[in-house]
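Please look over the model below before reading the points. They are meant to be checked against the coordinates one at a time.

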Amino acid sequence: MIVITAPTGNIGRHLLSLLLESAPAAGEELRVIARDPARLPDAARGRVEVVTGSHAEADVFDRAFAGADAVFWLVPPDASLTPDDAYTGFTRPAAEALTAHGVGHVVGVSALGRGTPLADRAGLVTASLAMDDLIAGTGVAYRALANPSFFENLLEECDSIREQGVFTDSVDADRKAPLVAVADIAAAAEGLLLDRSWTGTGSVPVLGPQDLSPNDLARIMTEQLGRPVRYEHQPLEELYTTLVGYGLHEAFAQGVVDMKRAKDQGLDAGVTRTPDTASPTGFEQWCARTLKPAVLS
């Protein structure tokens, strides 16, 4: 039995789709936690067990983890909380349920940066790494998918790209760093959940096929979209003010700022790309398949 949290989110929906195809042949049953089961894909109807409720409710974990062999764990960060509350506070009831029900394996969505000098001052990333430690402390076999920033973050800027030919971030325009497609993260999770021969705790980096800078992204988007796209640097102070203006908790907004600052200082550069840590989807491919239809719609 594999339990999938956040099955309708960016990563979870890709993972659910993959497991609907591969799990039956492996003799695995699927269970999902969903606040709104109506949002699950039609392909899942009658093929997965649904535990209805919020991750914030401890009794939901008791129901969902009973009899489970493996869990895919993803925290949907709540920007109305502090980073610590959003990650470790949110995860603590789940960790207790993992222990109570003897779950053997957990695959979690986390971040790059562990072991770097920036790890303890990287805002949301620091909170995510503390979440990993909390889960690992339960004694389960745990693998943290250590991810850089996602291609999909650019979907939030479709209007700006479409109307002004501009996207923004707070890192240096020439700062090269790994980037990844969420589908590749889901594929890495699928492999770990189906082949549970691994033990202990550790990180599994998912780095994409190459490092790219914002200027590289602008060039590729220009080529793929057939219209000029440029990068605009946003000062961190301006980013903080914008986030607070959107209603984010001040501590959470500061956590985003600290994460962005750490990434601009090389937080994501601590892992070497190898055949084992690279993932296949390139930015050109992702633009053609995902960004271009979204921008030109």
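This is a predicted model: local features need pLDDT of at least 70, side-chain atom pairs count only at pLDDT 80 or more; totals for chains, interfaces and linings use all residues.

1. Salt bridges, total. How many salt bridges does the count come to? The count comes to 15.

2. Glu-28 and Arg-196. These two residues form a salt bridge in which the closest N and O atoms are 3.0 Å apart. Glu-28 sits in the loop between helix H1 (10-22) and strand E2 (30-34), and Arg-196 in the loop between helix H6 (182-194) and strand E10 (201-205), so the bridge ties together parts that are 168 residues apart in sequence. Glu-28 counts as buried, at 13% relative accessibility, while Arg-196 has a relative accessible area of 21% and is partly exposed. The cut-off for buried is under 20%, so the label for Arg-196, at 21%, should be read with that value in view.

3. Arg-31 and Glu-49. A salt bridge joins these side chains, at 3.2 Å from N to O. Arg-31 belongs to strand E2 and Glu-49 to strand E3 (residues 49-52); the pair therefore ties together parts 18 residues apart in sequence. Arg-31 is buried, with 7% relative accessibility, whereas Glu-49 is partly exposed at 38%.

4. Asp-169 and Lys-260. Here the N to O distance of the salt bridge is 2.9 Å. The bridge links distant parts of the chain, 91 residues apart: Asp-169 is in strand E8 (residues 166-169) and Lys-260 in helix H9 (residues 250-264). Asp-169 is partly exposed, at 23% relative accessibility.

5. Helix H7. The helix covers residues 214-225. An α-helix has 3.6 residues a turn, so residues three or four places apart point the same way. Just after the helix, Gly-226 has a positive phi of about 70°.

6. Glu-152. This residue lies in the loop between strand E7 (149-150) and helix H5 (158-164). Glu-152 is buried yet has no salt bridge. The nearest side chain of opposite charge is that of Arg-289, 6.2 Å away, and the salt-bridge cut-off is 4 Å. What Glu-152 does have is a side-chain polar contact of 2.9 Å with Trp-286. Beyond its neighbours within four places in sequence, Glu-152 is in contact with Asn-10, Val-180, Ala-181, Val-182 and Trp-286.

7. Phe-90. Is Phe-90 buried or exposed? With a relative accessible area of 16%, Phe-90 is buried. Its place is in helix H3 (residues 83-101). Not counting residues up to four places away in sequence, Phe-90 touches His-55, Ala-56, Trp-73, Val-75, Pro-76 and Asp-85.

How values were computed: Residues are numbered from 1 along each chain as its sequence is written. Side-chain values use heavy atoms; hydrogens and water are left out. Helices (H or I, at least four residues) and strands (E, at least two) are DSSP runs, numbered from the N terminus. Buried means under 20% relative accessible area, exposed over 50%, partly exposed in between (1.4 Å probe, protein chains only). Contact means heavy atoms within 4.5 Å. Lys and Arg count as positive and Asp and Glu as negative; His and the chain ends are not counted. A polar contact is a pair of N or O atoms within 3.5 Å; within protein, one must be able to donate a hydrogen and the other to accept it, and residues adjacent in sequence count only if both atoms are side-chain atoms. The expected span of a helix is 1.5 Å times one less than its number of residues.
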